[in-house]
Amino acid sequence: MSRLTRRGFLKNTSTAGLACSASLLVGRSAFAAAKPAAGPNSAVRIYADTRRTVAPLERNVFGSFLEHLGRAIHEGIYDPSSKLSDSNGFRKDVLNEIHQLGVPIIRYPGGNFVSGYNWLDGVGPKEDRPHVLDKAWNTLENNQFGTNEFMAWCKQVGTLPLMGLNLGTGTPEGAAALLEYCNVDKGTKWSDLRRKHGVAEPHRVQHWCLGNEMDGPWQIGHMTASEYGMKAADAARQMRAVDPSVKLIACGSSNSSMPTYLEWDRDVLEHCYEYVDGLSLHRYFTNTPEETGGDSEKFVALNLTMDRQITESAAVCDMVQGHKRSPKKLWLSFDEWNVWYRERSGESMNGHEKEAPHLLEEVYNLEDALLVGGLVNSLVRHADRVKIACLAQLVNVIAPIMTNADGLYRQTIFYPYSWGLQYARGAVLDLLVESSTYDVKGMDKVPHVDVSGTFNHEDESISMFLLNRDLSNAREVEIVWEDAAPTRVLASSTLTGNDLKASNSFAAPQRVAPQTFEKPAVSGARTRLELPARSYTVVQWSV
């Protein structure tokens, strides 16, 4: 039987262009409404006012994702045979790295994997758990790491679980059973089974994904939007009967290039709007002949297509809300996003019925990290609607962290992601940005400098994240503080380099790494700084 891959399907069916622009985004985004500065080499000007904010920034916007795929779980976070693992089989070096990173929420167990997964295979005595052929990735799954192991690992890491449910081969009844197993204290069939398995306290999981990418023909159990919408509604009703407090996320379009994009979302929500809390979005960005023609200037501007996708998906949610005259407004969960295009076909996606094969082990370079920085900016800018987002994935599989038998190293994309986690706190600033622009085929004028920022009322700090898309020239930036000007710089770092294709490895783990950014001088109500060419920079001030 031929296997239709996601990449192949999108390549064959997508004719959608990349026509997008900051000017097409919602008017409330000051960045989107910014007018170009006068002249291609003029200074970029940013107007900041801590009294003008978009929305509080949810920490879960900087979540991540672990799937039973390749070496993400086995040899990634779990490896009982490793000298680096604890008594539970958890890799201590990886656990400590993720704990220090501060990832707030992690989606599990899939991904495509979840649509053929029977959660009962992964609980109970380990010697009784079956070896199962995962048909999504043609991999042999030993089920030694399952629901209870993931919950225990989350507690040690200090993160929350975002549980995926099988609505492919699975049923609404099975979804409610897993919820009962996880969240009910005792006295029912499934809660007592959990206690029999040695877990007395309920896990109390709050966030649940109702399936995965059900719009895709590559997905096990793929169905029409109406079929999925009714199935999701049934699952949601049964789950809320078990635990009314849960937050449920329906499957939206798996890519903005899908031929059913937005129409799928509308049809699904017409069936399940009143039963769910959020809608999922997915997107992987590529520097391929099809998407960018290999043009790095276009590639580092692709975060603007994320802005547009968020705006369009929110508009569909609001349209259905209007149709139903509902007082409830849905939020968005961008629960798969990353750069991914090298390891996306052939042997890199076929496990050949082996355990923990090396699959999707993308090696990231500097330009990938610059775009990831831009994607962080886009997520921050849309804090009014995006409440959860997951960098896909976390370890080994299209990931910022890579492991081998002796340790780990950080890929280039680790750094912009980690800066968001560390510095983006409080409320998102509604910045006005005036920037020169450049021309990109298939897109409108692209600003040289892309900016997002936050103001934390608790410690009165301001953080700004600045992407310089100019690959040849440094860019002068002037920040105009329209209320209280900052008094001192708390932190400043930049990620840059002479080679856009430079990457890290076990042999050269610091080839692309943060550099000290000269602390910009604060003079009255204005601050001036110079962004290096092809750079992503974070600066944090105290007000």
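Residues are numbered from 1 along each chain as its sequence is written, and side-chain values use heavy atoms, with hydrogens and water left out. Because the model is predicted, local features are reported only at a pLDDT of at least 70 and side-chain atom pairs only at pLDDT 80 or more, whereas totals for chains, interfaces and linings use all residues.

The protein chain contains 12 helices and 26 strands, where helices (H or I, at least four residues) and strands (E, at least two) are DSSP runs numbered from the N terminus. The radius of gyration of the protein chain is 23 Å, close to the 24 Å that the globule rule gives for 543 residues, so the chain is as compact as a globular protein of that length; this radius is taken over C-alpha atoms, and the globule rule is 2.2 Å times the number of residues to the power 0.38. Along its principal axes, the C-alpha trace of the protein chain spans about 65 × 60 × 50 Å. Of the 543 residues, 63% are buried, a term that stands for under 20% relative accessible area, with exposed meaning over 50% and partly exposed lying in between (1.4 Å probe, protein chains only). Among contacts (heavy atoms within 4.5 Å) with a separation of 6 or more, 77% are accounted for by residues 24 or more positions apart.

One part of the fold is a barrel, into which eight strands close in the order β3-β4-β7-β8-β9-β10-β11-β12 with parallel pairing; two strands are said to pair if DSSP finds at least two bridges between them. The twist averages 30° from one strand to the next, with axes being lines fitted to C-alpha atoms, for helices over the stretch in contact, and angles running from 0 to 180 degrees between N-to-C directions. Helix α10 (residues 303-324) packs on this sheet, where it touches β10, β11 and β12, and its direction makes about 160° with that of β10.

Thr147 itself has a relative accessible area of 1% and, not counting residues up to four places away in sequence, touches Tyr108, Gly122, Val123, Met163, Leu178 and Cys182. After α4 comes Gly158, whose phi is positive, near 90°.

A further part of the fold is an open sheet of seven strands, which has the order β2-β15-β19-β20-β26-β22-β23 and antiparallel pairing. Its edge strands, β2 (53-56) and β23 (515-516), each pair on one side only. Strand β22 (residues 488-495) and β23 pair in the antiparallel sense over two bridges, and Ser493 has Thr516 as its bridge partner in β23. Helix α11 (residues 366-381) lies across β2, β15 (427-429), β19 (449-456), β20 (461-468), β22 and β26 (535-542), and runs at about 50° to β19.

In strand β20 of this sheet lies Ser463, which is buried at 1% relative accessibility. A polar atom of the Ser463 side chain lies 2.9 Å from the backbone oxygen of Tyr423. Not counting residues up to four places away in sequence, Ser463 touches Tyr423, Ser452, Gly453, Thr454, Val539 and Gln540. Asp384, in the loop between α11 and β12 (386-392), is partly exposed at 29% relative accessibility. Although Asp384 and Trp331 are 53 residues apart in sequence, their C-alpha atoms are 8.3 Å apart in space.

Technical notes:
Polar contact = N/O pair within 3.5 Å; in protein donor to acceptor, adjacent residues only side chain to side chain.
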